[in-house]
Amino acid sequence: MLNKCSVLLPVYNGEAFIRQALDSVLTQDYPNYEVVIVDDCSSDSSRDIIMEYKQRYTDKIKFIQNEKNCGVGLALLKAFKATESTYIAQIGQDDIWGKDYLSSQIHYIETSGCNVAFSKVTYIDDNGSKLKDVTMFRHDTMDMLNSRDFFAELIGGNFLCAPSSVFKIDEEIKPIVSQFWGYNNDRLQDFELWLNLACYYKFGFNKKATCNYRVHQNNFSKEEKRITQGKYEFYATLKRVLFSEGFVQFLKNQKEKEAFLESIIVKIQINIAYSKLLFVLLVEWCEHLLNLGFDIDLIRYVMADYYNRMGLLSKCISNYGKLYHKINAFVLKPLNNPSLQYLVNSGTFELHSDLDSIDVNTICLIDASLIDYAMNNSKLMHHLAARKVTIFCKKEEQNALQMKFPELLIISDEEEMNVERKIITYIEDKTNMFSTGFFFDHETLNNSIKSQLYKKIKITPGKNEQVRRVRFISSSIINCTFSNIDSMIDILSVEDNEYLLDSTSKGDIYLTVEEGLELSQKIIVNNKLYILYNIEFDDQFIPVYKEVSYYSLNIYSDAVTNHHSSFLELEYHALVNSRSYRYMMKLKKFVHKYKLLRFVNFIDLGLRKIIR
């Protein structure tokens, strides 16, 4: 007898499409299956429709009624706990399967050596018509990547479609799977499941089965709601997975552990702009790995980098031997104090005398002879009040200044030894330059994330394309030089952050930016928008920028190129919900419905000739 498959179906106000979903499941040609339906306290006629089907298919349908709305995560958990099947499938209340979907998926699992199978996805609209210009999932990625690289790619954000999945569950894994749904996740209920299963099982793409995934306005509007919850669940999901026994064992089994960890770290770094909690997760996870015995240089580099950004300066020095980033230090001249002069050559401080460069993470080093000036400058006075000031004085002035400014660090001209260490200890113990109490204050955390500046940038143009023009979308002046792998590139002209370059060879070029660039920086290359695509590691982290295209600008094109970075999730949904985009899609449907494509192309060609 064939092994049983349980189909999990959570329902909430699904009266519009629930009949189509149930019909597609209950007409499957695979004989041994059941449908476990959980109604999450619907307020429409969903329950009545389900009961109608239950009376007709008594032996196929299990029904669970929630007394209150608990969310899709808990609904899936209840459905899963009610099963004892070998195979588990999920379907949405508005999706449709082909008649041979289950038999094809289960056959694929049994013959391919995979425990998790994903089918092809066809996108349909409210009327069930196929949408040719939508791409939301990337199941073909499974065929191109090994299990290590697949896991790392998935860490960056979910690209798998739950209603197109079937997985085979072993008894020893079932208790672990039951932890993946429930209160943990309501927005990302499947993401954690795939990450954990990827630690144990091989995933595969079955091209012979098809799931019809319905795309309608509610799909997009739901994505825009509960943004804060989504950001928290993304952080919490990654934390549970990366700290799990399953992942640790998965890591131990990898031959190239450092390359694997590097790819995961890069994905987390890219997503810090989306969920700032990942900033802390990265540090906690690296500490956890070192405690487990994974003594890898890359982990120490990352820890030093983020210890430094968090203000754990002593911890950074003890683990890394020195500070990973220099401390921003404003100096109010003159530099005739020997102790102050010593700091110039210490390498720990980035010394400058630019008042405009003073920010929340700046320590002010002021000569005692200029203290009156400092007290009459609003920015310096603010730092005095916040105790972010060290005063350098003569030995005979020290006691008087210490009585006048008891909260400040006073260093005399005879204290050349350990001056550097004294200032670091003072910053950690007496100031809020990096943190207040146990955790970050909002201003400091934001500043620390924004200050993730990278001085070396890589631009990867399209195939056979030369980079001739580069423009930074920034209100501040950005000074940089350009090079390829073996030589510098001449700059022909610079105006308003726009660089015109001499003839370059085709392929990647590198930018060296004096002040550094933030990860969120957008760049125009040859009149095309480039954004952060990846971060490479080669003795240092190097952001890689590539061309981005959210959707085809040609409304008649069948192909739409989506950028799949979760870093851009909100921007993408803002675009597809914009009035201009909806108008464009309506116009396209109108043109195809009334077969006006030739006529429109003729008009378009005529207008192009006129414009020329």
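Analyst: A residue is called buried when its relative accessible area is under 20%, exposed when that area is over 50%, and partly exposed in between (1.4 Å probe, protein chains only). The structure above is a predicted model, in which local features need pLDDT of at least 70 and side-chain atom pairs count only at pLDDT 80 or more, while totals for chains, interfaces and linings use all residues. Residues are numbered from 1 along each chain as its sequence is written, and side-chain values use heavy atoms, without hydrogens and water.

User: What share of the 612 residues is buried?

Analyst: Buried residues account for 52% of them. The protein has 24 helices and 23 strands; helices (H or I, at least four residues) and strands (E, at least two) are DSSP runs numbered from the N terminus.

User: Which strand is joined to β11 by 5 bridges, and which by 4?

Analyst: Strands pair if DSSP finds at least two bridges between them. Strand β9 (residues 327-332) runs parallel to β11 and is joined to it by 5 bridges, with Val331 partnered by Leu365. Strand β12 (residues 389-393) also runs parallel to β11, through 4 bridges; there Cys364 has Val389 as its bridge partner.

User: How many residues form the largest nonpolar core?

Analyst: In soluble globular proteins, nonpolar side chains tend to be buried together. A nonpolar core is a set of buried Ala, Val, Leu, Ile, Met, Phe, Trp, Tyr and Cys residues joined through side-chain atoms within 4.5 Å. The largest one here has 132 residues, and Trp194 and Phe203 are among those with the most contacts inside it. Helix α13 (residues 277-291) gives the most to this core, with 9 residues. Apart from it lies another core of 31 residues, including Leu22 and Cys114.

User: Which residues are in contact with Trp194?

Analyst: Contact means heavy atoms within 4.5 Å. Leaving aside neighbours within four places in sequence, the partners of Trp194 include Gln90, Phe118, Asn158 and Phe203.

User: Is Ile603 buried or partly exposed?

Analyst: Ile603, in helix α24 (residues 597-611), is partly exposed, with a relative accessible area of 37%.
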